[in-house]
Amino acid sequence: MPDWASLPWLSLPFWRALWPPHLPRKPLHALLLGIVAGLTISLSSASVGLYLEHRRREPLLRRVPPRPIEIRKDEVVRGITGLIGNTPLLRIESLSEATGCNILGKCEFLNPGGSVKDRVALKMIEDAEEQGLLHPNSGSMIFEGTVGSTGISLATVARARGYETTIIMPDDVSTEKRQTLLCLGAHVEQVRPASIVDQKQFVNLARQRALEFGRTTLPQKSLTDAAEAAAKPTPTPPTEDMVVASQASPTEALHQADGGARGLALEEAPRGFFADQFENRSNHDAHYLGTGPEIWRQTNGVIDAFVAGAGTGGTISGTGQYLKEMKPELVVALADPEGSGLYNKIRYGVMFDPKEKEGSKRRHQVDTVVEGIGINRLTKNFELGLPIIDTAYRVTDAEAVAMSRYLVKHDGLFLGSSSACNLVAAIRLARKLGKGHTIVTILCDSGNRHYSKFWNDEYLKKAGIPIDLSIVADLVDGRERTTS
Ligand SMILES: Cc1ncc(COP(=O)(O)O)c(C=O)c1O
């Protein structure tokens, strides 16, 4: 232990010796007193500040169970769900060097089901089990309307948990998603893309199929039961987000979440469960409790911005909310593809995309080759993010395609369309923030989900989408080819 008191600059004689002898002594005392008082005040106010910040974060940190980031290194995990989450954070060298910022990508394509949606599938099923809505190995069927990724994740997790899945998807998504679903043993129904107001829209159909499940697919106990069941009106969807149907007693099962009386027979009866990723809060929570805390730990809090696209809105709202709570000045930015209304919602407060008017749509839902993000309605999961999303960037198909090819060429990174879209927006934000900032985004899935469209040069040519890598160089240099 050093003897601090014996240090010369802490002693009055030391300072007296330095003081010019012809000057009076009193100002020296006043000066010394001022220095000591100033130091004391600034040190104690800094400590109070640090203490208050620690107090603010403590309850937030306590809410998150610690999950070791390097779980995959040397641990044996139990079952495939043990591989979900804890994905690495990758510094994308080419883009980081080009922008002078740290451009970091969360490698969600390394989840066992191949995308960020594994987290959501697991959380939706776990929450439903916890609420008593689903019971493993009971012959229950999970229904979902999805453009593919959530379906694949649900089918993967459902298999591991003892459920069947029925996936309703538009018929214009890349064919390899359907093939993967069939390999996983999911029941797949493909329908024409339609507006959400149409009862045949894929999400509406999934809800309908879940409600029908209990009444149509179970063997009838007796003729009387069958007649009674047929006479019963179609159960109206509950006001809650969750739709669960069971033949044991459709009405009773619909309200399981309310804690209504239920016997063992009812619990064991096969259920039709509508996962409802767009409106189900478990989606947001999967990211609030998983993706957000992981990014915070992986960056040690050295993060200036978070960028993500929105399909359901779960990723941007859940992750963004967590990060913003940890660091209120962090920028949360939306990456929005062509034809989606969310960009206008964030920038101008209204959902409107000029392309809707032009009548030149390649797809009915959102007019883009990018799959998984972009939507023209406000979902509950996106609404949860409205208070924390600061800005939005419009990304063209040509920009997303150029980015995907650039990353393969410079980094050996083979990514899907939404990841490329996120990185275009990240570059725009990097230019705005300036050098030296850290921007994190999501690498949602791999390019191998997109061979038939986004990664198919012939398809792009027919759709009139150029493959021009110089677009990325222009982006980095701030030579904007679009208006956003
Ligand atoms: C490949 C892909 N990327 C990104 C997203 C968007 O994520 P979120 O639904 O959390 O907004 C999706 C959603 O389905 C997706 O399939």
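I began at K117, where a polar side-chain atom lies 2.6 Å from an oxygen atom of the ligand. I count a polar contact as a pair of N or O atoms within 3.5 Å. This is a predicted model, in which local features need pLDDT of at least 70 and side-chain atom pairs count only at pLDDT 80 or more, while totals for chains, interfaces and linings use all residues. Residues are numbered from 1 along each chain as its sequence is written, and side-chain values use heavy atoms, with hydrogens and water left out.

Next I checked T315, which brings a polar side-chain atom to 2.5 Å from a ligand oxygen atom. At G313 I found a polar backbone atom 2.9 Å from an oxygen atom of the ligand. How much of the ligand's accessible area does the protein cover? I read 97% of the 390 Å² that the ligand has on its own (Shrake-Rupley method, 1.4 Å probe).

Then I looked at the whole shell: 14 residues surround the ligand (a heavy atom within 4 Å). K117, G311, T312, T315 and S418 are the closest. I sorted the shell into three nonpolar, nine polar and two charged residues, with Gly counted as polar.

Last, I turned to residues 28–52, which UniProt lists as "transmembrane region" in an unreviewed entry. I found this span to be 100% helix and 0% strand, with its end C-alpha atoms 36 Å apart (helices are DSSP runs of H or I, at least four residues; strands are E, at least two).

Key:
Polar contact = N/O pair within 3.5 Å; in protein donor to acceptor, adjacent residues only side chain to side chain. UniProt positions renumbered as here; feature names shortened; annotations may be inferred.
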